Amino acid sequence: MGELLVADKSIVVPGEEVAAGMDFLPTEGVYRDGDKLVASRLGLLAVDGRLVKLIPLSGKYLPKRGDVIIGKVTDVTISGWRTDINSAYTAMLSMKDATSEFIARGADLTRYFTFGDYLVTKIVNVTSQNLVDLTMKGPGLRKLSEGRIIAVAPNKVPRIIGKQGSMVSMIKDATGCRIIVGQNGIVWLQGDPDQELVAVSALRKIENESHISGLTDRIKVFLDGEVKRLHLAPSMNAGNDGGSEGGRSEFSEREFQQ
Amino acid sequence: MGYDKRVDGRKPDELRPIVAKAGVIKRADGSAMFKIGDTVAYAAVYGPRDLFPKFLQDPQRGILRCKYNMMPFSGAGDRVRPGGSRRSKEISMVTEKALLPVLNLEDFPNAVVDVFIELPQTDAGTRCAGICAAAIALADAGLSMKDMVASVSVGKVDNMVAVDLNYAEESYEGGDVADVPVAFIPRTGQISLLQMDGLIDGESLKRALEMGRKACMQISEIQKKALKEKF
């Protein structure tokens, strides 16, 4: 006869006792101490039958096999490329996994990918020491050119994508931007500059409010409002073609722009 | 006459007013402010991230690296020389050791978690305020922890056993003063920091530690509230 000590879906902190009794089983973010279940990180409590887990609210990205992520090339080595994947660890993309083309011995690898390139890649393997291997072979995996790169909290990625991609499709449809959300929290957007800004603020809104219910409706209202505002001021678009970049530079995400 | 009434009129087991806030530094992975009386500590956590130089890496677990610093203008008049000192190096080390028992760093081999503690204003009890702030910041950074850590200084001023000494009490000249910074892991009641500076008898030390434990339970509640208030 176990009982929950805090309500389901409430915010718990490390060291907080969440349940008593042997009926509940600890999973992710929860550990057992005697007959108590104790939270081991900051998160939202999620009870599924007998399983108790925490949905993290903060923290770095932990590489997982099969994740599609966006990485930035930071080094070119003899056998491949090292990429920054917004995690505690860097990832290696080997020559073999990078392209199906034949690469001659001693060829200049920067012809394929060079420093600063952003790649949409997939994780093929993570070792116990967190050495991460990437591949470029697969549908949709490619080098990114032009567009805007921003970083969001990695644990908000599921909310940004939504059920079966519903949330991100909604933003795509409303703004006409192309968007790729990496599981590591790096997001790529490309579209009309004004629409890109709307999409970025929508992403930020999701990031900040994802733990409050009714998110989808709020984002829908927000997008409708913003897009309507853009349509009412069509002259703004024409004005920006004249090379005025002033509006864009106000954004703090600039450091992640290509 | 002796020291029978505290300079700020507190009861012997009464803490100074505490304000705690999580997530005060936006660019950090986790951060916190912890203010107790006139002592203010800010902590910022970065990581887990790559650790260089490479010889410091531990392939079995991540390491914790703390840096404690008092700002030049923080004291009661005398300028604190900027940069590290013997004192700040020692406090950085004990802070690290006070926090390590609760952290699960096994998931991050070869990586480092950096904790930077800055004190813009000091009035005694700085290492304790630093540890309290660091614990909130580490939790805010989403690290896996068995529990929080709460810390306070206890001690004896002349013949009065008291918690949370301020600078006036720590530098009391009418008799012996003992300053005992202590950190508790609240759930288990284990002690992760215990230092002593000054003279105190065994009986008083026991009493002081018991008072410290109760004070730390109060602090721990404030820490938890600070984390929850962020959302």
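What share of the contacts in chain A with a separation of 6 or more is accounted for by residues 24 or more positions apart? In this predicted model, in which local features need pLDDT of at least 70, side-chain atom pairs count only at pLDDT 80 or more and totals for chains, interfaces and linings use all residues, such residues account for 56% of those contacts, a contact being heavy atoms within 4.5 Å. Residues are numbered from 1 along each chain as its sequence is written, chains are lettered from A in the order in which they are written, and side-chain values use heavy atoms, with hydrogens and water left out.

Chain A contains seven helices and 17 strands, taken as DSSP runs (H or I, at least four residues, for helices; E, at least two, for strands) numbered from the N terminus. Of its 258 residues, 45% count as buried, that is, under 20% relative accessible area with a 1.4 Å probe and protein chains only, whereas exposed means over 50% and partly exposed lies in between.

A:Leu51, located in strand 8 (residues 51-56), counts as partly exposed because its relative accessibility is 38%. Beyond its neighbours within four places in sequence, A:Leu51 is in contact with A:Leu25, A:Thr27 and A:Ala46; A:Leu25 is 26 residues away in sequence, yet the C-alpha to C-alpha distance is 4.9 Å.

A:Asp97, in helix 1 (residues 95-98), is buried but has no salt bridge, the nearest side chain of opposite charge being that of A:Lys96 at 4.5 Å, where a salt bridge requires a side-chain nitrogen of Lys or Arg within 4 Å of a carboxyl oxygen of Asp or Glu. Residues up to four places away in sequence not being counted, A:Asp97 touches A:Leu134, A:Thr135, A:Met136 and A:Lys137.

Conventions:
Lys and Arg count as positive and Asp and Glu as negative; His and the chain ends are not counted.
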